[in-house]
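Subject: Structure for your review

Dear colleague,

Please find below the structure that I am handing over to you. My notes on what was found in it follow directly after.

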Amino acid sequence: MYDPVLADIRYGCGRSPRIAAPDSTKALLAGLTAPDAMARDFPIMAFDSFSKDLVVNAYTLGRISRLTRDTEAEELALDQIRRLKRRARKLQSEWLVAQVARRMNSATPLRERLESFWADHFTARGKANVMIQAGSPYVESAIRPHLARRFEDMLIAVTTHPLMLHYLDQHASAGPNSPQALKYPGKKGLNENLAREVLELHTLGVDGPYTQTDVRQLAELLTGLAFTAEGGTEFRRPLAEPGAETVLGKNYGGDRPARLEDIHAALRDLARHPVTARHVAGKLAVHFVADTPEAELVSAMETAWLDTNGDLMAVYRAMLDHPAAWDPRPANAKQPLDFIASACRALDVPQDMLRKRVGIALIQPMRLMGQVWQQPPGPDGLPEADDAWLTPQGLAARLQWGFAMPQALLGALPDPRDFVETALGSRAPAEVRFAAGAAETRADGIGVVLASPAFQRM
Amino acid sequence: MDRRNFLARSAALGCSLAASPLVTPVSFAATPGDARLVVIILRGGMDGLDVVAPYGDPDFDALGRPGPDMEGGAFDLDGRFALHGALAPLRPLWQAGDLGFAHAVSIPYRDKRSHFDGQDLLEAGVAASDAPLPDDGWLNRLVQHLPGASAETAYAIGGEPLRILSGPAPVNRWTPEADLRLSPQAILLTQRVMQSDPLMAAALDSAFALAGGDGDGLAFSGSPGDMMAAMRDDMMAPRDRHRPGRVLAEFAGAQLRDAARIACYSLNGWDTHKAQERHLALSLEQLSDSLLALQEALGPEAWAKTTVAAVTEFGRTARWNGTQGTDHGTGGAMVLAGGALRGGRVITDWPGLGDGALYEGRDLRPTRDLRAHLAWLLHGQFGIGRSTLETTVFPGVDMGSDPGLLL
């Protein structure tokens, strides 16, 4: 059952020469409700601060530049916009470094892994201007505080979040009979994008028991959700479809004017739906345990979900208490961030080196490995299947990193025979120990340990 | 990589590796004929009116554009159009009929003029609509309908996702930036530790074959420091804006000479809102370098069977803007090249440049769906039937009459 080495590798951020693994499932889970030392030590800006500062400024400057077309003032505004965008890009790469630093230094590493899982489950990205760099603040504000709460808390926070409203066009959606649509016929209307993804990706899943009518009804229910850069999310009644909507056979709203609470109620019901429990518990098991997890593992998690109305701690506990979670065979391929951050943790790379080399050590290699940082291919996020990552190019990029980058990041490389212990401990296969000792140079020895299936898989 | 190179490389690593059961020789898959297609995506919106300038049009001068620099290498194509000076190195191709252009074309995407949406549609091969984009790209749908296609047939080259080749048909993805240089012993040790993992072992074999087949070998015999420098240099290559065009083309050419028949890569840097003369020239130099490198890497025999189509998401505004550049527009030009091309022509149903002729009074009016030309290319090169092209590869395209693009 519980194995601290496997716990660090499969449910943590990899082994560290400094930080001991939690000694039990209980300790592993307790980390999720412990004070968030990593958020304190490696801060990432909250979304509303990001929005009030960068987004507000970008909108203001954009307005100024349009009002001052072909004058010197326009040039000045455009120059300020360029500076602002540069600052946003710099912040984005600092936050990536912070995220890797959290993974390297955490004594409660399951928190970091769960954050990545849920950030991907609720993929959102900015599509224009400095919103493009809002990914980390979004995750910090809408995902991280809810990791150990109920699923519905996270679902509501995410679905009503400005970045999600922007990403899936909700803020532009108006009910067909809303005051705005009636005032601007043919110009304002319904957009189903967010409603569809809530049902298809975030809750029931693509095979779930919903119809096009449910998508449409949920889309009408969601009308009114909008945001401003200054104030964040707000409910705008002029956009909202009047009257009740029926989603999966249940009525929301009705005689009274449309309200945000009706949207919350529908999301809460979706979060507690048995098909949501199966879909999302199954996704968790696929992400943490194996591409095709045992059916019993998933049903144990599903039962915990239904018994507790989606208390995520109970769902995680059901996963970690199941013997399948501790199958000793190497399972899932690490995703690019998992690989690079776990290598940095095992190597104990100094943070200032990561900051200095963020492009060549983090952003660019991740891209070659198939993960374009904070530019997911679509709302369905990153693939889970091992063969999506362990492609010839993906593997070559991992080898390139493993053989060349440690040398570039560290003054002196550790002895590969020690490193194999640090990185893999009791899980080091004989052939990897042999290879670490047989390599001609330290760099090759470290490289072959990092390349090995025992390190690449979790 | 051909078999001879592969064995030579193996021999260079020492007998132990050549004899190793871990090294599987590349399979020699059947190929779907001899025709080759290279698609280059010019990201950012190339200004067709600058690249292939309609300087003979009576309304051209009124656009406030600088016009072709005949002293700086620009040359007349057919009395109406002149080619941009930065493409002067392609003059021999033009004279040999290996270079041509389609003008006043665009994908079926109007009015919003977003790079993001335009490139998605260009790669998906569909018209703009409210429906979600298909999951596959049009080049992948071509591979799905190519008799004799195998996993070796198509290559997506470069660091981007290239959705144009995403889809059910298996394709190869590789970027020269992922090139590997390892010491001979690291190669052997890595193969040894992968042995227990079939998926990783198979990916490793392909990775080693690809990294070894690009002309600069996998095994590196220099000092560890030199090796690190070489590998970092490969990772850094895309930062040097002059190199990607050549590096990508060399890799594409090497694959197409062998079992590959379809390759795609993209070149960036066409979004010339400001100081267009300077920026466009740099991007065109890269395109020109890339086409010549492709011709060289393919060799005369394979080049004779090749067509290249360089496409962009939209053209740019007809008039010069306030910052010596152009903004996002609609109609533009497609660059065609290759030994299989019936080139030396600018193919166009020219709409004119007068105020009434311009689309929305600002952009070159597209007179033909870019996809129609691409469909005729696929029809001629690979024998794909017209109904498959019009319903599946490019849903909803009207191919119209045959522009006779191929020899």
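A:Ser93 has a relative accessible area of 16%, and because buried means under 20%, A:Ser93 counts as buried. Please bear in mind throughout that this is a predicted model. The residue A:Ser93 sits in helix α5 of chain A, which spans residues 72-105. Leaving aside neighbours within four places in sequence, A:Ser93 is in contact with A:Val358 and A:Ile363. A further pairing concerns A:Arg355: its C-alpha lies 8.2 Å from that of A:Ser93, although 262 residues separate the two in sequence.

Helix α5(A) also packs against helix α6 of chain A (residues 110-121), at an angle of about 140° and with the axes 8 Å apart. That angle makes α5(A) oblique to α6(A). On the side of α5(A), the contact is made by A:Gln99, A:Arg102 and A:Arg103, and on the side of α6(A) by A:Glu112, A:Arg113, A:Glu115 and A:Ser116. By class, the residues of this contact divide into no nonpolar, 2 polar and 5 charged.

**Two further helix pairs in chain A**

Helix α15 (residues 295-307) and helix α16 (residues 312-321) of chain A pack with their axes 8 Å apart, at an angle of about 155°. The two helices α15(A) and α16(A) are therefore roughly antiparallel to each other. The crossing in which α15(A) passes α16(A) is right-handed. From α15(A), the residues A:Leu297, A:Ala300, A:Met301, A:Ala304 and A:Trp305 meet A:Leu312, A:Ala314, A:Val315, A:Ala318 and A:Met319 of α16(A). The make-up of this contact is 10 nonpolar residues, no polar and no charged.

Which residues make the contact between α17(A) and α19(A)? The helices in question are α17 (residues 336-347) and α19 (residues 358-368) of chain A, which pack at an angle of about 150° with their axes 10 Å apart. Helices α17(A) and α19(A) are therefore roughly antiparallel to each other, and α17(A) passes α19(A) in a right-handed crossing. The contact is formed by A:Pro336, A:Leu337 and A:Ile340 of α17(A), together with A:Ala361, A:Leu362, A:Pro365 and A:Met366 of α19(A). These residues divide into 7 nonpolar, no polar and no charged.

**Chain B as a whole**

Chain B contains 13 helices and 12 strands. The chain has 407 residues, of which 57% count as buried. Among the contacts in chain B with a separation of 6 or more, 74% come from residues 24 or more positions apart. Chain B has an accessible surface of about 15,200 Å², and carbon and sulfur atoms account for 52% of that surface.

**Individual residues of chain B**

Is B:Ser290 buried or exposed? With a relative accessibility of 0%, B:Ser290 counts as buried. This serine, B:Ser290, belongs to helix α11 of chain B (residues 276-303). Not counting residues up to four places away in sequence, B:Ser290 touches B:Gly245, B:Arg246, B:Ala249, B:Tyr265 and B:Leu267.

Two residues of chain B deserve a note on their backbone. Most residues other than glycine have a negative phi. B:Ala275, however, has a positive phi, near 45°. The residue B:Ala275 is placed in the loop between β8 (262-268) and α11 of chain B, and a relative accessibility of 25% makes B:Ala275 partly exposed. Phi is likewise positive in B:Gln324, at a value near 55°. The loop that holds B:Gln324 runs between β9 (306-312) and β10 (332-337) of chain B. B:Gln324 is partly exposed, its relative accessible area being 47%.

Lastly, B:Pro147 lies in the loop between α6 (138-144) and β6 (154-157) of chain B. The relative accessible area of B:Pro147 is 59%, and B:Pro147 is exposed. B:Pro147 and B:Ile384 are 237 residues apart in sequence, with 9.3 Å between their C-alpha atoms.

With kind regards

Conventions
Residues are numbered from 1 along each chain as its sequence is written. Chains are lettered from A and ligands numbered from 1 in the order in which they are written. This is a predicted model: local features need pLDDT of at least 70, side-chain atom pairs count only at pLDDT 80 or more; totals for chains, interfaces and linings use all residues. Side-chain values use heavy atoms; hydrogens and water are left out. Helices (H or I, at least four residues) and strands (E, at least two) are DSSP runs, numbered from the N terminus. Buried means under 20% relative accessible area, exposed over 50%, partly exposed in between (1.4 Å probe, protein chains only). Contact means heavy atoms within 4.5 Å. Accessible areas come from the Shrake-Rupley method with a 1.4 Å probe; for residues, only the protein chains shown count as cover. Axes are lines fitted to C-alpha atoms, for helices over the stretch in contact, and angles run from 0 to 180 degrees between N-to-C directions. Angles under 35 degrees count as roughly parallel, over 145 as roughly antiparallel, 65 to 115 as roughly perpendicular and the rest as oblique. A crossing is left-handed if the near helix is turned anticlockwise from the far one by less than a right angle, and right-handed if clockwise. Ala, Val, Leu, Ile, Met, Phe, Trp, Tyr, Cys and Pro count as nonpolar, Asp, Glu, Lys and Arg as charged, and the others, Gly among them, as polar.
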